[in-house]
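Let's take a friendly walk through this structure.

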Amino acid sequence: MDVRRRLRVRGSVQGVGFRPFVYRHAVALGLAGFVGNDDAGVVIEVEGSAAAVDELRRIVAESPPPLSRVTSVEWEAALGPAGDTGPFRIEESAGSGAASVPVVVDTATCAACLAEMDDPADRRFRYPFTNCTDCGPRYTIVERVPYDRATTTMARFRMCAACQAEYDDPGNRRFHAQPNACPDCGPHVTWRDPAGAALAERDDALAAALSALAAGGIVAVKGLGGYHLAVDATDGGAVTELRRRKHRDEKPFAVMVATLEDAAATCLLDEAARAALCSVRRPIVLAARRTGSPVAEAVAPGLGEFGLVLPYTPLHHLLLRGAARPLVMTSGNLTDDPIAHDDADAVERLGPLCDGLLTHDRPIHIRCDDSVVRVRDGRRQTLRRSRGLAPERMALPAPARRPVLAGGAELKSTVAVAKDDWLAPSHHIGDLEHLAAYRAFLQATDHLTALYGVRPAVVAHDLHPEYLSTKWALDTDLEPWPVQHHHAHVASCLVEHGRTEPVIGIAFDGLGLGPDGTLWGGELLVADLTGYERAGHLRAVALPGAGAAIREPWRMALAWAHAAGGHDMAAGLAARLDPGTGAGAGAVLSLLEAPGASMRWTSSAGRLFDAVAAIVGLRGRVTYEGQAAVELEGLAARAPAATAPSFPVSISAKDGMLVVDPAPMVAALMGVRAAGAEPAALAAGFHRWMAEAAVEAAVAVAAQRGLDAVALTGGVFQNALLTAWVADGLRRAGLAVLLHDQVPPNDGGISVGQAAVAALADKPTP
Ligand code: ZN
Ligand code: ZN
Ligand code: FE
């Protein structure tokens, strides 16, 4: 007895190969009916035996296509059998128009495609551009909507008869796979010398690149979202040479390994880390190094972890297998410029840095750096949301009152759009202080609004008037919507948790301008998605030399020593500072003695980390933002817990505002240090103090305001040790803890918070 039923599938189910997936299974189960998209998702009407109909439902619910995110599968109607025995059909999309179909992310090569590449009898044997509906390039090749072959950078390649037949066959896994290609009709690789002259094609090009790598050479490799610079990761000399040419002193490089087994030989991987490494989104995964790893120390000097990534394009697979060793795969750029993605630009910018370029003729429309996640104690944290994750939509916890474009902050820039019941953050753009990054920022805002068909009514921006993103926002014709930096951080965490009720937000980060003109960064806010109130903060101290204070943590050390013990303590510290600071220390001391009206004041937790790193003797200067804090965490993690001194927590309340004063801690720390305590123990003691102070202050605010949940956000919470200690303390006090997962806690997440606040609030918070 046949039945006919209608099944409704909700979630991210469009543009991810859902209809052909349903088609193939329905045909295999001998079902009649159709599958189609509509505004609510995917609708499936099936007729056949009850067992087959149930089996289709089970497959859809339990093993949907890899890129989809199914939130519900429901029977919508039991219909009388219509006597439909004809072939199962895919209905063309109706109604709403292409702009409502979400843009899909770039996805790692699937197992079926890899198997073809490994099969000498297959027509795609060793073909570096093999892809299908479940895998391959998407966002990085889309020029405009609707998403179709003609609107991608694959338009220039005319499919051969065999490829076209796959593309047209709903039963084929390449049905409507827009980047479909083969060796006869698709892109191919070319080996070029540093001046851009083509020296070899196809397999010969790959062989030439492999011999250059084997000889310790540096090779620029064109990937999905841009060029990487590759070098043998086990060759310390070659890695050091790459650092020299890239002008990158100490910032760690990512390493690509061929297989999960190779990854496990290099780092300690728990289940969550393995899952992150193998996910189709293929981020770089930061994990603790294994001793005796073959990877050279120069890859991540002084750090306890490596960033690993598995191959995510067919070309990477061929390269890694051929090299038979881990390869450094770092962004193809000089220091902090945006990653090169245009071929002519790559030759110009990367030619001088490399010994040859392995390029190809499929253009990259949008540059997209690798995503970065850290997995610690089974918990994942996204540090950079980019290739494989962007520009995927996230649900807004409430319907948008207006469409929004959000400009983000300044460092680790991203932009975002919001509309209806969702928002979409862009890929990672970089630090806007670089002109090239600012151009990429302009391109990203245009591209994101066009792809999603968003016509913003307002533009959300930071309060800081000097951020290029703020200047840009105030220059548009759109209504400006200021969102305070740390409110945006807290809001970004609330979006992840789908929470509209107020929480206490502990926002610890570098610097973000507050409405009072001081630079905030050690904040306790009572906030929801529509507004906030400052409930507490770290005591503010002088920020001697603004930008220089960020690059030279010794300046913050003097500022805190001065706050803790006046002239004598600061002068005592100055005397034992790195002699490299020279006369600078004297000048800073005079500034601290008589701070003029131009002195900036900051309550930043990140700058306090810098100060402590300098006081314990770790470093007085940094070569990249956050370096001192990262190393202080590494140092603290090495100290046995029992050896960590405990420091006094001082919290006072003034007009209902809590102020956490680090000065007594700083004084005590300097005393213990003078008495000969180990730097590692001091670092651990400082982490413990920070955690205790944060918990005590949050618990006080919770009691005062009757709140039960705390969001931990801001770049300082990239620190796994601090996060764990603060979260433990809050939970012990009976408070719920909201942590970041998909959205970076650093400024890469600011656009998400801005977009949500400007979409949901009545009016801007003054
Ligand atoms: Zn595939
Ligand atoms: Zn072909
Ligand atoms: Fe921030």
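What follows is a short tour of a predicted model, starting at the metal.

Begin at the iron ion (ligand 3). Which residues coordinate the iron ion? The donors are His 485 and His 489, each through NE2, together with Asp 509 and Asp 747 through OD, at 1.9 to 2.2 Å. Along the sequence, these donor residues follow the spacing H-x3-H-x19-D-x237-D. One pair among them links distant parts of the chain: His 489 sits in helix H13 (residues 485–496) and Asp 509 in strand S23 (residues 503–513), 20 residues apart. Both His 489 and Asp 509 are buried.

For reference, the ideal angle for four tetrahedral donors is 109.5 degrees.

Now turn to the sheet. It is open, has 6 strands in the order S17-S20-S19-S18-S21-S22, and its pairing is mixed. Strand S17 (394–395) and strand S22 (479–482) are the edges, each pairing on one side only. Strand S21 (residues 458–461) runs parallel to S22, joined to it by 4 bridges, and Ala 460 stands opposite Trp 481 in S22.

Finally, look at the helices. Helix H11 (residues 435–451) lies across strands S18, S19 and S20, running at about 25° to S19. Helix H22 (residues 750–760) also packs on the sheet, where it touches S18, S19, S20, S21 and S22, and its direction makes about 150° with that of S18.

Terms used: Residues numbered from 1 in each chain as written. Chains lettered and ligands numbered in written order. Predicted model: local features only at pLDDT ≥ 70, side-chain atom pairs only at ≥ 80, totals over all residues. Heavy atoms only, no water. Donors = N, O, S within 2.8 Å, 3.2 Å for Na, K, Ca; no water. Helix = DSSP H or I, 4+ residues; strand = E, 2+ residues; numbered from the N terminus. Buried < 20%, exposed > 50% of the residue type's maximum accessible area, 1.4 Å probe, protein only. Pairing = 2+ DSSP bridges. Contact = heavy atoms within 4.5 Å. Axes fitted to C-alpha atoms, helices over the stretch in contact; angles between N-to-C directions.
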